[in-house]
Amino acid sequence: MSAREPKAVDIMILNAWYKVGFSEDFKAEVLQRHVICEKVLVFWRTAEGEVVGFDDRCCHKRMPISAGRFLEGGLVECPYHGLAFNSEGQCVKVPSAPGAPIPKRARLLPYKVIEQDGVVWVWPGDAEKIGDIRPPATPEIVSPDWERITGELHIKGNSILMIENALDITHFYPLHGNTIGQSADSNIEFDMTTGETRGCESVTVTRQVDDYPQSDDFADILTHKMADSYSIQTMVGPGIIIAGRTLWPAGGRKDNKDPKCLKNYHFLTPIDRRSHKYTYVVNMPKGQMSGRDPSVRAVDRAKELLSVVFAEDIWAIEMQQEMCELPDGDYREVLLKSDLPLAQGRKILDAMYQKEIGEHSI
Ligand code: FES
Ligand SMILES: [Fe+2]
């Protein structure tokens, strides 16, 4: 990294789709406040079923609309002077001036929201820059053929540190050496490709190895100890990493014999440059059981395991964040061959960030 490139912790990209929550979190006519990319936003699901999002500041005196309440007809009333807004954000009632014309600009600032595959996404940046970009598909989240566990963590670190963590399995040892990590795993060759997913630049890293001893914990949640293994991680913009792993019994890949798999979604939603909300969803085919105890669902074992693994990741990321905040002076990072996907990810994110800054669009 040259001296002129921004550190990961300097970057916050607004022109991207970020997860706000899951569909089931949005009940009709309940106000929700979320801080995303330093913007305070209010969301609600209308009685008709659509999720809408706005700047949380009332257009009158900046009172948070999220502290308001619903009136008849799906209107939201500001708790200060009672201006009421419809689901398009337009003010339609001013109690202190009944009957007087309401200026068109008396409205809440809207944000683009998409609800798709059980996830509600927001674009906190310039809506004109959306073009053809759409959030990636997450079909397992709503599929009856898959079961899943989810968790949400508040991390005191820039979301890009988490992206780099999720793209890089060479940290499994030593960071996760007591659970999923084995030192030898870092030597497995990888392939890297770049591409586009629904209009957004992506980088994918895959690893394939046959007749290979898995860590006891992977063998527990994916059954096979001596296994043929395939793993994949894809970063799609700054908002999501999609990861998967499949194990077959040694020699079984060719004929797809007894595959056991998981598909993970890592959602990264920046709160600001120094913290983010991290949501994980681990999906497994329905009925996939623990290798160690076939009476226990594999996803439940994964949940136990991940509570340990994520605590280790957070420990590392929060310390990295502290160190990133020190002035660099003569310090420069040294990237290794195994950091190639991460470096490519940075390149994509740096370019997105520089474009935003250059356009002064936000
Ligand atoms: S601040 Fe909202 S009505 Fe006055
Ligand atoms: Fe990790």
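Predicted model: local features only at pLDDT ≥ 70, side-chain atom pairs only at ≥ 80, totals over all residues.
Which residue in strand 16 is the bridge partner of Leu247?

Now look at the neighbours. Strand 14, residues 226–236, pairs with strand 15 in the antiparallel sense over 10 bridges. Among the bridge partners are Ala227 and Pro249, the latter in strand 15. These two strands form a hairpin with 3 residues between them, and Gly237 in the turn has a positive phi of about 60 degrees. Strand 15 is also joined to strand 16, residues 260–272, by 8 antiparallel bridges. That brings us to our opening question: Leu247 has Lys260 as its bridge partner in strand 16.

The side chain of Lys263 meets that of Glu140 at 3.0 Å, N to O. Because Lys263 lies in strand 16 and Glu140 in the loop between strand 10 and strand 11, the pair ties together parts that are 123 residues apart in sequence. Lys263 is partly exposed at 25% relative accessibility, whereas Glu140 is buried at 9%.

The whole structure has 22 salt bridges. One of them links Arg57 and Asp55 at 2.7 Å, N to O; Arg57 is partly exposed and Asp55 is buried. Elsewhere, Asp217, Asp220, Arg292, Arg301 and Glu304 are linked in a salt-bridge network.

Note on methods
Residues numbered from 1 in each chain as written. Chains lettered and ligands numbered in written order. Heavy atoms only, no water. Pairing = 2+ DSSP bridges. Helix = DSSP H or I, 4+ residues; strand = E, 2+ residues; numbered from the N terminus. Salt bridge = Lys/Arg side-chain N within 4 Å of Asp/Glu carboxyl O. Buried < 20%, exposed > 50% of the residue type's maximum accessible area, 1.4 Å probe, protein only.
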